[in-house]
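Reader: Hi! Could you show me the model and walk me through the ligand site?

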Amino acid sequence: MIKKILVINGPNLNLLGKREPHIYGNDTLEDIYKNMRFLNPNYNIQGVQSNHEGELIEHIHSTLSNDIDWIIINPAAFTHTSIALRDALLAVKIPFIEVHLSNIHQREEFRHKSYFSDIAKGVICGFGAYGYIMALKYIMTL
Ligand code: DQA
């Protein structure tokens, strides 16, 4: 079955590759999407990024009319702040995997709290860009 997956990335992740590479690595978002599509060319994998909370909410709402099977989301800094994004994910009821490039638990205390982890299917953090591949591999086992 062709699965449709929406990969949602939050603020500042458009700068991946240039942004603090010692923390977030050298891969760009396009590299990440390319590697995911290479792993499974049969899936329909769409990638979106926004620096705006409202736009990210619209992307989550759009899954209802687009028959999305799974969401893979890195909410970036909104992980630690956004009840609105959490509510959007609860509203659409599409299963999702939370991904972070860095190990947020090894970092500043304000990054330890996530508004998503308790409602996610699972959480992957600390494996850099490979975390997105891990999330996809999980979906492929279903
Ligand atoms: C991040 C971790 C967040 O704390 C941070 O604000 C980000 C990226 C990660 O992928 O490691 O922007 O989600």
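Author: Happy to; below we go through the ligand and its surroundings. This is a predicted model, where local features need pLDDT of at least 70, side-chain atom pairs count only at pLDDT 80 or more, and totals for chains, interfaces and linings use all residues. Residues are numbered from 1 along each chain as its sequence is written, and side-chain values use heavy atoms, leaving out hydrogens and water.

Reader: Great, which residues surround the ligand?

Author: Arg19, Tyr24, Asn74, Ala76, Ala77, His80, His100, Leu101, Ser102, Ile104 and Arg111 do, each with a heavy atom within 4 Å of it.

Reader: And what is 2.7 Å from a ligand oxygen?

Author: An N or O atom in the side chain of His80. For His100, the side-chain N or O lies 2.8 Å from a ligand oxygen, and for Arg111 that distance is 2.9 Å. The protein buries 99% of the 320 Å² that the ligand exposes when taken alone (Shrake-Rupley method, 1.4 Å probe).

Reader: Switching topic: how is the shell split by class?

Author: There are 5 nonpolar, 4 polar and 2 charged residues around the ligand. Here Asp, Glu, Lys and Arg count as charged, and Gly is among the polar ones.

Reader: Nice. Which residues lie nearest the centre of the largest pocket?

Author: Arg19, Tyr24, Ala76, Ala77 and Arg111, out of 14 lining residues. The ligand takes up the space of that pocket. A pocket is an open set of points on a 1 Å grid over the protein atoms alone, where a 1.4 Å probe fits, with protein on both sides within 12 Å along at least five of seven lines; lining residues have an atom within 4 Å of a point.

Conventions
A polar contact is a pair of N or O atoms within 3.5 Å; within protein, one must be able to donate a hydrogen and the other to accept it, and residues adjacent in sequence count only if both atoms are side-chain atoms. A molecule sits in a cavity or pocket if more than half of its atoms lie within 2 Å of its grid points.
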